Amino acid sequence: MRRQKSAEKNKGFSLVELIIVIAVISILSTGIILGTGRIANWQLNKTTQAVNSALHSAMVQAMSKGNVSGVIFYELDEKYYASIITESCETASGGVYQLDDTKVVNTINLGKEPVTIVFHLKTLAGFPAAPIQLTNQSDKMNMTSAVEVMYNRSSGAVKKRMIGTDECNFDSIDISNGSSTQTIRIYAATGRHEIQ
(Lines give C-alpha, C1' and ligand atoms only; values in the text may rest on other atoms or scores of the structure.)
Protein backbone atom coordinates (compact mmCIF):
# COMPACT_ATOMS: atom_id res chain seq x y z
CA MET A 1 0.00 0.00 0.00
CA ARG A 2 2.80 2.40 0.85
CA ARG A 3 4.57 1.70 -2.41
CA GLN A 4 1.47 2.47 -4.37
CA LYS A 5 0.93 5.88 -2.71
CA SER A 6 4.56 6.98 -3.20
CA ALA A 7 4.42 5.91 -6.85
CA GLU A 8 1.29 8.03 -7.36
CA LYS A 9 3.02 11.09 -5.84
CA ASN A 10 6.09 10.88 -8.17
CA LYS A 11 4.41 10.91 -11.57
CA GLY A 12 6.51 13.85 -12.84
CA PHE A 13 5.83 17.54 -13.45
CA SER A 14 2.36 18.92 -13.06
CA LEU A 15 1.02 21.31 -15.68
CA VAL A 16 1.46 24.27 -13.31
CA GLU A 17 5.13 23.40 -12.69
CA LEU A 18 5.74 23.09 -16.42
CA ILE A 19 4.16 26.51 -17.09
CA ILE A 20 6.30 28.10 -14.36
CA VAL A 21 9.51 26.59 -15.81
CA ILE A 22 8.62 27.84 -19.31
CA ALA A 23 7.85 31.32 -17.93
CA VAL A 24 11.20 31.50 -16.11
CA ILE A 25 13.10 30.39 -19.24
CA SER A 26 11.24 33.00 -21.32
CA ILE A 27 12.08 35.79 -18.88
CA LEU A 28 15.75 34.81 -18.76
CA SER A 29 15.96 34.56 -22.58
CA THR A 30 14.40 38.00 -23.01
CA GLY A 31 16.86 39.49 -20.53
CA ILE A 32 19.82 37.97 -22.33
CA ILE A 33 18.62 39.17 -25.74
CA LEU A 34 17.96 42.71 -24.48
CA GLY A 35 21.30 42.79 -22.66
CA THR A 36 23.17 41.75 -25.80
CA GLY A 37 21.44 44.51 -27.81
CA ARG A 38 22.31 47.11 -25.18
CA ILE A 39 25.97 46.07 -25.22
CA ALA A 40 26.08 46.35 -29.03
CA ASN A 41 24.46 49.81 -28.92
CA TRP A 42 26.80 50.88 -26.13
CA GLN A 43 29.80 49.94 -28.30
CA LEU A 44 28.27 51.81 -31.26
CA ASN A 45 27.70 54.93 -29.14
CA LYS A 46 31.22 54.74 -27.70
CA THR A 47 32.82 54.43 -31.15
CA THR A 48 30.70 57.28 -32.57
CA GLN A 49 31.63 59.57 -29.68
CA ALA A 50 35.33 58.65 -30.07
CA VAL A 51 35.30 59.41 -33.83
CA ASN A 52 33.54 62.73 -33.18
CA SER A 53 36.04 63.56 -30.43
CA ALA A 54 39.01 62.73 -32.70
CA LEU A 55 37.66 65.06 -35.42
CA HIS A 56 37.17 67.85 -32.88
CA SER A 57 40.57 67.36 -31.29
CA ALA A 58 42.37 67.40 -34.65
CA MET A 59 40.55 70.54 -35.82
CA VAL A 60 41.21 72.45 -32.59
CA GLN A 61 44.86 71.40 -32.50
CA ALA A 62 45.35 72.25 -36.19
CA MET A 63 44.03 75.75 -35.57
CA SER A 64 45.94 76.34 -32.32
CA LYS A 65 49.23 74.45 -32.70
CA GLY A 66 51.64 74.90 -35.54
CA ASN A 67 52.49 71.21 -35.85
CA VAL A 68 49.08 69.43 -36.19
CA SER A 69 47.46 69.23 -39.61
CA GLY A 70 44.80 66.54 -39.32
CA VAL A 71 43.75 63.05 -38.29
CA ILE A 72 44.08 59.65 -39.97
CA PHE A 73 41.52 56.90 -39.33
CA TYR A 74 42.51 53.26 -39.83
CA GLU A 75 41.89 49.70 -38.65
CA LEU A 76 44.82 47.66 -37.37
CA ASP A 77 44.55 44.17 -35.83
CA GLU A 78 40.72 44.42 -35.88
CA LYS A 79 40.71 47.63 -33.80
CA TYR A 80 39.92 51.11 -35.08
CA TYR A 81 42.25 54.02 -34.37
CA ALA A 82 42.48 57.74 -35.04
CA SER A 83 45.94 59.29 -34.96
CA ILE A 84 46.35 63.06 -34.75
CA ILE A 85 49.12 63.80 -37.26
CA THR A 86 51.54 66.60 -38.09
CA GLU A 87 51.54 65.97 -41.84
CA SER A 88 49.95 63.76 -44.44
CA CYS A 89 50.84 60.07 -44.34
CA GLU A 90 49.77 59.41 -47.95
CA THR A 91 52.61 58.29 -50.20
CA ALA A 92 53.48 60.17 -53.37
CA SER A 93 51.85 57.45 -55.49
CA GLY A 94 48.57 57.98 -53.63
CA GLY A 95 46.20 55.50 -52.05
CA VAL A 96 48.84 54.04 -49.70
CA TYR A 97 49.48 55.44 -46.23
CA GLN A 98 52.61 55.13 -44.13
CA LEU A 99 51.93 56.04 -40.51
CA ASP A 100 55.39 56.90 -39.24
CA ASP A 101 55.44 57.45 -35.47
CA THR A 102 57.36 60.72 -35.96
CA LYS A 103 54.20 62.17 -37.59
CA VAL A 104 51.85 61.11 -34.74
CA VAL A 105 50.98 63.49 -31.91
CA ASN A 106 48.64 61.02 -30.18
CA THR A 107 46.48 58.00 -31.01
CA ILE A 108 42.91 57.35 -29.91
CA ASN A 109 41.47 53.82 -29.70
CA LEU A 110 38.03 54.06 -31.32
CA GLY A 111 36.76 50.55 -30.67
CA LYS A 112 36.77 47.23 -32.46
CA GLU A 113 34.79 45.05 -34.81
CA PRO A 114 31.92 44.19 -35.35
CA VAL A 115 31.42 47.96 -35.68
CA THR A 116 32.11 49.29 -39.20
CA ILE A 117 33.20 52.81 -40.14
CA VAL A 118 32.40 54.18 -43.62
CA PHE A 119 33.38 57.65 -44.93
CA HIS A 120 31.19 59.38 -47.54
CA LEU A 121 32.45 62.13 -49.81
CA LYS A 122 30.82 64.27 -52.51
CA THR A 123 32.33 65.73 -55.62
CA LEU A 124 32.38 69.50 -55.95
CA ALA A 125 29.40 69.09 -58.32
CA GLY A 126 27.48 67.47 -55.46
CA PHE A 127 27.56 63.87 -56.67
CA PRO A 128 28.42 61.11 -54.21
CA ALA A 129 31.87 59.58 -54.57
CA ALA A 130 32.53 55.92 -53.79
CA PRO A 131 32.32 55.35 -50.02
CA ILE A 132 35.50 54.36 -48.17
CA GLN A 133 35.11 51.61 -45.57
CA LEU A 134 37.95 51.01 -43.18
CA THR A 135 39.24 47.44 -43.42
CA ASN A 136 41.76 45.59 -41.32
CA GLN A 137 45.41 46.33 -42.11
CA SER A 138 48.39 44.28 -41.01
CA ASP A 139 51.07 46.98 -41.14
CA LYS A 140 50.71 50.69 -40.42
CA MET A 141 53.57 51.44 -42.79
CA ASN A 142 51.64 50.07 -45.79
CA MET A 143 47.93 50.84 -45.31
CA THR A 144 45.64 50.80 -48.33
CA SER A 145 42.46 51.37 -46.30
CA ALA A 146 42.82 54.55 -44.26
CA VAL A 147 41.24 57.98 -44.40
CA GLU A 148 42.94 61.29 -43.66
CA VAL A 149 40.93 64.34 -42.68
CA MET A 150 43.23 67.33 -43.07
CA TYR A 151 42.38 70.84 -41.84
CA ASN A 152 43.15 74.35 -43.02
CA ARG A 153 45.13 75.81 -40.13
CA SER A 154 43.67 79.30 -40.40
CA SER A 155 39.96 78.54 -40.91
CA GLY A 156 39.49 74.99 -39.63
CA ALA A 157 37.92 73.99 -42.94
CA VAL A 158 38.36 70.39 -44.05
CA LYS A 159 40.69 70.22 -47.04
CA LYS A 160 39.42 68.72 -50.27
CA ARG A 161 40.54 65.23 -51.24
CA MET A 162 41.13 63.65 -54.64
CA ILE A 163 39.14 60.49 -55.38
CA GLY A 164 40.36 59.28 -58.75
CA THR A 165 40.19 62.40 -60.93
CA ASP A 166 37.47 64.11 -58.85
CA GLU A 167 38.10 66.70 -56.19
CA CYS A 168 35.81 65.84 -53.26
CA ASN A 169 34.63 67.16 -49.90
CA PHE A 170 33.91 65.00 -46.87
CA ASP A 171 30.17 64.66 -46.32
CA SER A 172 29.58 62.16 -43.51
CA ILE A 173 30.83 59.17 -41.54
CA ASP A 174 28.55 56.20 -40.88
CA ILE A 175 29.31 54.01 -37.88
CA SER A 176 27.27 50.81 -37.81
CA ASN A 177 26.97 47.65 -35.72
CA GLY A 178 24.83 45.77 -38.25
CA SER A 179 21.49 46.59 -36.65
CA SER A 180 21.91 50.34 -35.98
CA THR A 181 23.78 53.14 -37.72
CA GLN A 182 24.89 56.52 -36.39
CA THR A 183 26.02 59.30 -38.70
CA ILE A 184 28.45 62.14 -38.15
CA ARG A 185 27.72 64.94 -40.64
CA ILE A 186 30.77 66.96 -41.71
CA TYR A 187 30.46 70.55 -42.91
CA ALA A 188 33.70 70.80 -44.89
CA ALA A 189 33.63 74.58 -45.41
CA THR A 190 33.83 75.26 -41.67
CA GLY A 191 35.21 71.98 -40.30
CA ARG A 192 32.16 71.70 -38.07
CA HIS A 193 30.70 68.24 -37.50
CA GLU A 194 27.80 66.80 -35.54
CA ILE A 195 26.30 63.46 -34.63
CA GLN A 196 22.88 63.03 -36.18
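1. Let's start with one side chain. The bridge ties together distant parts of the chain: aspartate 171 belongs to strand β9 and arginine 185 to strand β10, 14 residues apart. Aspartate 171 has 18% relative accessibility, so this residue counts as buried, the limit being under 20%. Please keep in mind as you read on that this is a predicted model.

2. Now step back to the whole protein. How many helices and strands does the protein have? The secondary structure comes to two helices and eleven strands.

3. Take the contacts in the protein with a separation of 6 or more: 59% of them join residues 24 or more positions apart.

4. Next, look inside. The largest nonpolar core has 33 residues, and those with the most contacts inside it are Val51, Leu55, Val71, Phe73, Ile117, Phe119 and Ile173. Elements giving two or more residues to this core are α2 (15-64), β1 (70-76), β2 (79-85), β4 (116-123), β7 (146-150), β9 (166-176) and β10 (181-187). Which element supplies the largest share? That is α2, with eight residues.

5. Leaving aside residues up to four places away in sequence, valine 71 touches Ala54, Leu55, Ala58, Ala82, Ser83, Ile84, Ile85, Val147, Glu148 and Val149. A second, separate core has eleven residues, including Ile72, Leu76, Ile85 and Cys89.

6. What about cysteines? Cysteine 89 has a relative accessible area of 2%, so cysteine 89 is buried. Cysteine 168 is buried too, because its relative accessibility is 0%. How many disulfides does the structure hold? The count is zero.

7. Together with Leu18, Ile19 and Ile22, Leu15 forms a nonpolar patch on the surface, with about 410 Å² of accessible area in total.

8. Valine 158 is found in the loop between β7 and β8 (161-163). Is valine 158 buried or exposed? Valine 158 counts as buried, because its relative accessibility is 6%. Not counting residues up to four places away in sequence, valine 158 touches Val149, Met150, Tyr151, Phe170, Ile186, Ala188 and Gly191. Valine 158 and arginine 192 are 34 residues apart in sequence, yet their C-alpha atoms are 8.7 Å apart in space.

9. The other loop residue is threonine 190, in the loop between β10 and β11 (192-195). Threonine 190 has a relative accessible area of 47%, so threonine 190 is partly exposed. With residues up to four places away set aside, threonine 190 touches Met59, Ser155, Gly156 and Ala157. Glycine 156 is 34 residues from threonine 190 along the chain, and their C-alpha atoms are separated by 6.0 Å.

10. Finally, back to charges. Side chains of opposite charge can pair when their charged atoms come close. The whole structure has three salt bridges. One of them joins aspartate 101 and lysine 140, with 2.8 Å between the closest N and O atoms. Aspartate 101 sits in the loop between β2 and β3 (104-112) and lysine 140 in the loop between β6 (136-137) and β7, 39 residues apart. Aspartate 101 counts as exposed at 53%, whereas lysine 140 is partly exposed at 28%. Another salt bridge pairs glutamate 194 with arginine 192, at 3.6 Å from N to O. Glutamate 194 is partly exposed at 29%, and arginine 192 is partly exposed at 44%.

How values were computed
Residues numbered from 1 in each chain as written. Predicted model: local features only at pLDDT ≥ 70, side-chain atom pairs only at ≥ 80, totals over all residues. Heavy atoms only, no water. Disulfide = S-S within 2.5 Å. Buried < 20%, exposed > 50% of the residue type's maximum accessible area, 1.4 Å probe, protein only. Core = buried A, V, L, I, M, F, W, Y, C linked by side-chain atoms within 4.5 Å. Helix = DSSP H or I, 4+ residues; strand = E, 2+ residues; numbered from the N terminus. Contact = heavy atoms within 4.5 Å. Patch = residues over 30% accessible without salt bridge, like charges linked within 9 Å, V, L, I, M, F, W, Y side chains within 5 Å. Areas by Shrake-Rupley, 256 points an atom, 1.4 Å probe, with all protein chains shown as cover. Salt bridge = Lys/Arg side-chain N within 4 Å of Asp/Glu carboxyl O.
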